Amino acid sequence: MLEKIKKFFENLETDSLEKQSNFLKNLLNQAKEEGKADIAKGNTVDDLKTVQTKYFGKKGLVPDLMRYMGKVSNKDKPLLGKIIHEFKTDLENHLNQIIADIEKAENNAKLEAEKIDITLPGTNTKIGHKHPLTIVEDQIKEIFTNIGYTVVEGYEIEEDYYNFERLNIPKDHPAREMQDTFYLNEDVVLRTHTSPVQARIMDKLCPTLPVKVIAPGKVFRRDDDATHSPMFHQIEGLIVDKNITFADLKGTLLHLVQSVFGEEREIRLRPSFFPFTEPSAEVDVSCGNCNQEGCRVCGYTGWLEILGSGMVHPKVLEMAGYDPKEVSGFAFGLGIERIAMLKYGIDDMRLLFDNDLRFLEQF
Ligand code: DAH
């Protein structure tokens, strides 16, 4: 086609474009049809870009035509410009329309492929849940943080000095036999209770007041039966301040017990002995199984033992640097396994460590 157009311009005499304009229009109409045929052959946007280059690119037909503008007289320039412009816009509009159609179709296909039926039932993702010991630990932490306590941690591998000495349990003291200890060497043990955290936190804070912390964590003893495990969990509580009394201890523990087990439960304090508290008390909770009528769970006493406690021994305060004439405190220690067993009616502690899903899924 270009050839014919070339020839047309070569033979064009000056000032005769007007007379021959229909002939040129005719040629360009043929070129347009060829262009449309080229366009019709394209299937993809890429194919059509090639067609675009062929007609409108730097070396394409339209720039070629524009070059002939220089060949015609000034009088004929507007006419030729108009003819070329018409040819160009017609073909270009057509091409752009087809490109837009293809893009739209491709887009629709993509949307169709991405379509989801939101009425279909969902796939159930099984997420895990907390272990009963974690549930109880979290609950107790929340009870105490709500009344201004801070949660602190100690060391599972602990110095004999903190595990015993700083708690007023010297070497050869008979109280050491209460707890069958794993010794790593002469001076280092797996902590037998969370009480050493008392001494460590007082060392850190003294002389600041108040000390008001709970310390959850693992403890270790050479024990293994239905109610004892070589590793179990305790939570230690400690408050040191001016004017802390035994009444504060009792009120705090009543609040703890009623928050964990229910408002209707009561506590009973029995005199006891711990080297690091004086006086010491063991705390029982009223049996929720029989409403204190007496049953197998409570050994027909109506009461269940749940924790040890007492007023911090003056020597323990002193060793940390506090003056027992100025400040006082109370402490308590509870076994998380024991609380969980009572709360959920679990009769064998080993269930808490077996990780049998039939058991764990009940919580
Ligand atoms: N540490 C004791 C034990 O493991 C429990 C205990 C008793 C902790 C009395 C205390 C306390 O803080 O005051 O048997």
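Reader: Over how many bridges do strand 7 and strand 8 pair?

Author: This is a predicted model, in which local features need pLDDT of at least 70, side-chain atom pairs count only at pLDDT 80 or more, and totals for chains, interfaces and linings use all residues. Residues are numbered from 1 along each chain as its sequence is written, and side-chain values use heavy atoms, with hydrogens and water left out. Strands (E, at least two residues) and helices (H or I, at least four) are DSSP runs numbered from the N terminus, and two strands pair if DSSP finds at least two bridges between them. Strand 7 and strand 8 are antiparallel, and the number of bridges is eight.

Reader: Which residue is the bridge partner of S272 in strand 7?

Author: Strand 6 (residues 267-274) runs antiparallel to strand 7, joined by seven bridges. A hairpin of two residues connects strand 6 to strand 7. Within strand 7, the partner of S272 is S280.

Reader: How many of the ten residues of strand 7 are buried?

Author: Buried denotes under 20% relative accessible area, exposed over 50%, and partly exposed the range in between, with a 1.4 Å probe and protein chains only. Strand 7 is mostly covered, and its buried residues number eight.

Reader: Which residues have the most contacts inside the largest nonpolar core?

Author: A nonpolar core is a set of buried Ala, Val, Leu, Ile, Met, Phe, Trp, Tyr and Cys residues joined through side-chain atoms within 4.5 Å. The largest such core has 39 residues. Elements giving two or more residues to this core include strand 7 (277-286), strand 8 (303-312) and helix 9 (246-261). The residues with the most contacts inside the core are L256 and L334.

Reader: Which residues does L256 touch?

Author: Contact means heavy atoms within 4.5 Å. Residues up to four places away in sequence are not counted, and L256 then touches I140, I143, F144, L307 and L334.

Reader: Why is helix 1 described as roughly antiparallel to helix 2?

Author: Axes are lines fitted to C-alpha atoms, for helices over the stretch in contact, and angles run from 0 to 180 degrees between N-to-C directions. The axes of helix 1 (residues 2-11) and helix 2 (residues 17-41) come within 10 Å and cross at roughly 170°. Because angles under 35 degrees count as roughly parallel, over 145 as roughly antiparallel, 65 to 115 as roughly perpendicular and the rest as oblique, helix 1 is, relative to helix 2, roughly antiparallel.
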